[in-house]
Amino acid sequence: MESQIEAVREVGYAVIPRVVSAEALRRLNDAARQQLRERREPLELEADLRYPGAPKSRDDAGGGTVRRLLDAYARDPAFAQWAASAPLREWMEAYFGEQVLLSRAHHNCLMTKHPRFGSMTGWHRDIRYWSFEREDLVSVWLALGEERVENGALWLVPGSHRMTFQADRFDASKFFRADHEDNREVLRAAVSPCLEPGDALFFHCNTLHSAGKNLSDEVKFSLVYTYRGLSNAPRAGTRSASKAEIEL
């Protein structure tokens with residue numbers, strides 16, 4: 001655990017293999033597919049987000065393609081059990097050095113990436129739309145199936161969580177500008193870790209990351225949650241404070 005924590009602090013992310021059992025992974029996958037079939041609100045569609053490659057409207061081909069099934073914690077007991085599991089709590093307590101809370105306002109979703117209509121995600125830091133006392137939160141991305149460049153896996157820039165950038169390095173939506181000459185140099189260091197089913201990617205909220213399109217024939221499923229230390233409170237009146245958190 002210590003080497004994983006050190007990696008997140010120094011590199012900005014760590015891949016932890018096989019964090020769930022085969023049986024737990026089966027339950028999570030069954031729940032994920034059931035949730036996608038039911039399409040219960042709240043959810044986000046690719047057409048609503050309008051990322052590069054997404055359908056232009058809900059009326060276009062693929063306009064009903066789901067991007068995220070929100071509030072995963074409340075959707076299925078298997079999702080909640082994983083999000084608040086003892087190994088996750090112990091890891092986060094070791095990282096933050098205090099009691100830990102799970103955000104229900106940020107991430108807390110079942111992320112899907114569909115063939116054809118699953119869009120690209122530009123380079124960004126998650127903290128761009130979060131509001132906490134300190135920029136120190138950790139997200140956990142659990143791969144429910146294989147994640148490769150070919151099916152839209154994450155890309156990350158090692159060490160970018162410790163870099164300082166001026167405002168002009170980001171666009172109006174606070175995406176890291178790939179057309180900026182200095183940014184291109186930063187992005188040359190990007191890597192895309194391959195994840196096997198049941199592997200988890202732990203990454204810092206300031207780590208630059210992106211994701212490509214799914215060029216395979218199958219939907220990719222991932223569970224994503226974000227955690228903070230007790231002393232790092234969300235700022236009152238912001239989206240970060242809009243939902244009651246889960247104490248681990």
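**Strands, pockets and cysteines in a predicted model**

Good morning. In this structure, Val138 stands opposite Tyr227 in strand β11. This is a predicted model, in which local features need pLDDT of at least 70 and side-chain atom pairs count only at pLDDT 80 or more, while totals for chains, interfaces and linings use all residues. Residues are numbered from 1 along each chain as its sequence is written, and side-chain values use heavy atoms, with hydrogens and water left out.

Let me stay with the strand that holds Val138. Helices (H or I, at least four residues) and strands (E, at least two) are DSSP runs, numbered from the N terminus. Strand β7 covers residues 138-143, and six of its six residues are buried; buried means under 20% relative accessible area, exposed means over 50%, and partly exposed lies in between, with a 1.4 Å probe and protein chains only. Val138, Val140 and Leu142 are buried on one side of β7, and Ser139, Trp141 and Ala143 are buried on the other.

Which strands pair with β7? Two strands pair if DSSP finds at least two bridges between them. β7 is joined to β11 by six bridges, and the two run antiparallel. With β9, residues 200-204, β7 pairs over five bridges, again in the antiparallel sense.

A separate item is an open sheet of three strands, in the order β6-β10-β8, with antiparallel pairing. β6 and β8 (154-156) stand at the edges with a single partner strand each, so one side of each has no neighbour in the sheet. From one strand to the next, the twist averages 15°; the axes here are lines fitted to C-alpha atoms, for helices over the stretch in contact, and angles run from 0 to 180 degrees between N-to-C directions. β6 and β10 are antiparallel and joined by two bridges, and His124 has His209 in β10 as its bridge partner.

I turn to empty space. Rolling a probe the size of a water molecule over the atoms shows where empty space is left. The search uses a 1 Å grid over the protein atoms alone: a cavity is a set of points where a 1.4 Å probe fits but cannot get out, a pocket is an open set with protein on both sides within 12 Å along at least five of seven lines, and lining residues have an atom within 4 Å of a point. Grid points are joined across faces, edges and corners, and a volume is the space filled by probe spheres set on the points.

The largest pocket holds about 480 Å³ of space. Its lining has 29 residues, and Glu44, Arg68, His107, Met111 and Tyr129 lie nearest the centre. β3 (66-70), β5 (109-113), β6 (121-124) and β10 (209-211) are the elements that give two or more residues to this lining. By class, the lining has eleven nonpolar, seven polar and eleven charged residues, where Ala, Val, Leu, Ile, Met, Phe, Trp, Tyr, Cys and Pro count as nonpolar, Asp, Glu, Lys and Arg as charged, and the others, Gly among them, as polar.

The second largest pocket holds about 200 Å³. Of its 13 lining residues, Glu146, Asn151, Glu218, Val219 and Lys220 lie nearest the centre. At least two lining residues come from each of α2 (22-38) and β11 (220-229). The classes here are three nonpolar, four polar and six charged.

How many cavities of 30 Å³ or more are there? The count is one, and the largest cavity has a volume of about 40 Å³. Trp141, Glu147, Ala153, Leu154, Pro193, Leu195 and Leu201 line the largest cavity. Six of these lining residues are nonpolar and one is charged.

Next, the cysteines. The structure holds zero disulfides, a disulfide being a pair of cysteine sulfur atoms within 2.5 Å. Cys109 is buried at a relative accessible area of 1%, and Cys205 is buried at 0%.

Finally, some backbone details. The peptide bond from Glu41 to Pro42 is cis, with omega near 0°, and Pro42 lies in the loop between α2 and β2 (43-45). Arg50, not a glycine, has a positive phi of about 60°; Arg50 is in the loop between α3 (46-49) and β3 and is exposed at 62% relative accessibility. Asn108 also has a positive phi, of about 50°, without being a glycine. Asn108 lies in the loop between β4 (100-102) and β5, and is buried, with a relative accessible area of 0%. Thank you.
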